[in-house]
Amino acid sequence: ISFPPEARKRQPSVLAFKTQLDLLATGQYDIVSRAYEKRRKVLLYYSIAGGDDKLADFVTKQCDAVKSRNVECRKLAQFESYKAKGETLHQLHNFCLAKPSQRVTYLTNQLPTQYGSKWPEIQISQKIRAFTTAVTSNMCLKSRDTCNVCGMEFYPLPYNHFTGNMFTASCEYVKDLMPPAQFEIKMNEVASDALVSQLGHVFTTELTPFTPQTLGMDQYSVEHWIGSHPDFQPCDVAPVSRSWFPLSCGGSYYEADYSRSNVYDFQWSIGPRRGSAPNGRIDCKTEQRIETKDDVLFREYSYLAGNLYRWYKLYNKAPPADSWIWQWFPKGD
């Protein structure tokens with residue numbers, strides 16, 4: 001639970017937390033009945049980032065208010081900085097090491113922002129509500145052999161991630177991930193080596209320039225962590241909307257409109273199944289142009305070259321032969 005110091009940002013973060021807590025107390029979203037149903041007790045472990053004792057007391061009171069609605073809160077820690085640094089993910093990882101047969105859900109009341117973007121995030125409250133509903137829905141909570149991490153929308157570019165960085169995952173998968181603190185250190189080392197390799201023309205960055213976010217450096221490592229393992233099998237539930245007439249750039253997929261109720265018409269499927277990246281994250285004309293350039297396709301850091309480099313640096317292995325990776329990325333065959 002993050003509370004930024006600026007007043008204009010703090011109020012939306014408080015509202016987002018209250019919305020998420022109310023959703024957890026209401027139940028899990030069922031696509032058949034189009035309603036929230038209380039099917040299980042919710043055990044909510046939380047950390048507070050930023051804020052003060054007054055806000056910490058506020059969180060405690062909100063948790064006490066939903067105790068009678070089948071939600072039990074347990075505070076893990078409180079930190080001065082409001083920026084997520086993976087502390088809650090560390091506890092989630094420890095939980096999965098101890099209980100590999102379980103499933104866990106990670107929520108946040110702050111949406112990741114694009115590095116260097118001057119455009120404010122839109123539909124924040126609607127998105128947080130939708131992402132929270134998705135990852136706690138019966139579709140994501142159900143155990144499946146073909147998927148080990150479920151979220152609202154999955155995209156492989158500019159790195160494996162789910163919109164909002166919220167997900168439900170099997171502990172059998174999570175336990176094999178590198179501990180978040182160690183992962184951040186290792187990703188900084190990988191980023192340093194990648195920058196040197198770029199100067200030596202080992203990698204190209206025509207599709208996605210190197211930034212701390214695309215490289216997963218420092219606090220941005222939390223956005224890369226869940227999709228970092230070569231055994232990663234993503235699935236998502238956001239409905240896919242197609243145009244009868246392919247768009248001039250970006251194919252035939254419409255961006256999800258989180259202000260409309262039909263965004264809750266969840267459709268579970270193995271990912272990836274929509275565009276390669278969220279709207280605005282990569283230049284689609286560049287993506288189309290480099291499709292004809294073999295020398296770039298083999299060396300582009302966002303494609304197989306960079307992914308394989310990271311997998312061997314982090315886990316010393318590549319994805320299995322039947323992984324979606326080999327079919328989706330260019331030159332995977």
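**View 1. Helix H12 gives the most to the lining of the largest cavity, with 4 residues.** Helices here are DSSP runs of H or I with at least four residues, strands are E runs of at least two, and both are numbered from the N terminus. We're looking at a predicted model, where local features need pLDDT of at least 70, side-chain atom pairs count only at pLDDT 80 or more, and totals for chains, interfaces and linings use all residues. Residues are numbered from 1 along each chain as its sequence is written, and side-chain values use heavy atoms, with hydrogens and water left out. The space inside comes to about 90 Å³. Around it sit Tyr159, Asn160, Phe183, Met187, His224, Gly227, Ser228, Asn307, Arg310, Trp311 and Leu314. That lining splits into 5 nonpolar, 5 polar and 1 charged (nonpolar: Ala, Val, Leu, Ile, Met, Phe, Trp, Tyr, Cys and Pro; charged: Asp, Glu, Lys and Arg; polar: the others, Gly among them). A cavity is a set of points, on a 1 Å grid over the protein atoms alone, where a 1.4 Å probe fits but cannot get out; lining residues have an atom within 4 Å of a point. Grid points are joined across faces, edges and corners, and the volume is the space filled by probe spheres set on the points.

**View 2. The second largest cavity holds about 40 Å³ of space.** Its lining is made of Pro158, Thr208, Phe210, Thr214, Leu215, Tyr301, Ser302 and Arg310. By class, that's 4 nonpolar, 3 polar and 1 charged. Arg310 also turns up in the lining of the largest cavity. The count of cavities of 30 Å³ or more comes to 4.

**View 3. Thr205 sits in the loop between helices H7 (180–199) and H8 (212–215).** Thr205 has a relative accessible area of 19%, so it counts as buried (under 20% is buried, over 50% exposed, and in between partly exposed, with a 1.4 Å probe and protein chains only). Its side chain makes a 2.8 Å polar contact with that of Gln198. Such a contact is a pair of N or O atoms within 3.5 Å; within protein, one must be able to donate a hydrogen and the other to accept it, and residues adjacent in sequence count only if both atoms are side-chain atoms. Leaving aside residues up to four places away in sequence, Thr205 touches Gln198, Phe210, Glu300 and Tyr301, where contact means heavy atoms within 4.5 Å.

**View 4. Arg34 and Asp265 form a salt bridge, with their closest N and O atoms 3.3 Å apart.** Arg34 is in the loop between strands S2 (28–30) and S3 (35–37) and Asp265 in the loop between S13 (251–253) and S14 (269–270), so this pair ties together parts 231 residues apart in sequence. A salt bridge puts a side-chain nitrogen of Lys or Arg within 4 Å of a carboxyl oxygen of Asp or Glu. Arg34 is partly exposed at 46%, and Asp265 is partly exposed at 27%. The model has 16 salt bridges by this rule.

**View 5. Lys293 and Glu206 pair up in a salt bridge, with the closest N and O atoms 3.4 Å apart.** Lys293 lies in the loop between H10 (284–290) and H11 (294–297), and Glu206 in the loop between H7 and H8, 87 residues apart. Both partners are partly exposed: Lys293 at 26% and Glu206 at 32%.

Definitions and conventions
On a 1 Å grid over the protein atoms alone, a cavity is a set of points where a 1.4 Å probe fits but cannot get out, and a pocket is an open set with protein on both sides within 12 Å along at least five of seven lines; lining residues have an atom within 4 Å of a point.
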